[in-house]
Amino acid sequence: MSDLLRTPERRTCERCGRVERHDDDIGGWRAERVGDIHCIHEWDIDGTFVPVTDADATSGRTALEEC
Ligand SMILES: [Zn+2]
């Protein structure tokens, strides 16, 4: 179902530098760099989303089967 929507895998806050990566296991965003917890994050994916291939993550990923 969620595959119908193409979700950026990574996003960066333009204000505080927080970096999050979308984790399919939890179905949400996981912080790689915390940044400012009080920041109202301004994600860099608005309208200018450019798919970035993380070679390590892609090659190391095992196929997850969701029931
Ligand atoms: Zn922020």
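The paragraphs below lead through the structure, from its overall plan to a few residues and their surroundings.

This is a predicted model, in which local features need a pLDDT of at least 70 and side-chain atom pairs count only at pLDDT 80 or more, while totals for chains, interfaces and linings use all residues. Residues are numbered from 1 along each chain as its sequence is written. The term pLDDT stands for the predictor's confidence in each residue, on a scale from 0 to 100. The chain averages a pLDDT of 76, and 57% of the residues score at least 70. Confidence is highest in strand β3, at 94, and lowest in helix α1 (residues 55-60), where the mean is 50.

The chain holds 1 helix and 3 strands, and read from the N terminus these elements follow one another as β-β-β-α. Both kinds of element are DSSP runs numbered from the N terminus, with helices (H or I) having at least four residues and strands (E) at least two.

The strands come together in an open sheet of 3 strands, with the order β1-β2-β3 and antiparallel pairing. In this sheet β1 and β3 stand at the edges, and because each has a single partner strand, one side of each is left without a neighbour in the sheet. From one strand to the next, the twist averages 30°, an angle taken between axes that are lines fitted to C-alpha atoms (for helices over the stretch in contact), with angles running from 0 to 180 degrees between N-to-C directions. As a general point, the side chains in a regular strand alternate between the two faces of the sheet.

The pairing can now be followed strand by strand, where two strands pair if DSSP finds at least two bridges between them. Strand β1 (residues 10-12) and strand β2 (residues 19-23) run antiparallel and are joined by 3 bridges. Across this pair, R11 stands opposite E20, and T12 stands opposite V19. The two strands form a hairpin with 6 residues between them, in which G17 takes a positive phi near 85°. Strand β2 is also joined to strand β3 (residues 28-33), again in an antiparallel manner, by 5 bridges. Here H22 stands opposite W29, and V19 has R33 as its bridge partner in β3. V19 therefore faces partners in two strands, since two strands pair if DSSP finds at least two bridges between them. The hairpin of β2 and β3 has 4 residues between the strands, and G27 in its turn has a positive phi of about 70°.

How much of the chain is buried? Buried residues make up 3% of the 67 residues, where a residue is called buried if 20 or more other C-beta atoms, placed from the backbone, lie within 10 Å of its own, exposed if 12 or fewer do, and partly exposed in between. Strand β3 is hardly covered, for the count of buried residues among its 6 residues is 0.

Contacts give another view of the fold, two residues being in contact if their C-beta atoms, placed from the backbone, lie within 7 Å. Among contacts in the chain between residues at least 6 apart in sequence, 40% join residues at least 24 apart.

R11 lies in strand β1 and is partly exposed, because 19 other C-beta atoms lie within 10 Å. Leaving aside neighbours within four places in sequence, R11 is in contact with E20, W43, D44 and I45. The C-alpha atoms of R11 and A31 are 9.6 Å apart in space, while these residues are 20 apart in sequence.

D44, one of those contacts of R11, has its place in the loop between β3 and α1. With 16 C-beta neighbours inside 10 Å, D44 counts as partly exposed. Beyond four places in sequence, D44 is in contact with R11, T12 and E14. From D44 to E14 the C-alpha distance is 6.1 Å, although 30 residues separate them in sequence.

C13 lies in the loop between β1 and β2 and is partly exposed, with 18 other C-beta atoms within 10 Å. Not counting residues up to four places away, C13 touches R18, G35, C39, H41, E42 and W43. The C-alpha atoms of C13 and I40 are separated by 8.9 Å, and the two residues are 27 apart along the chain.
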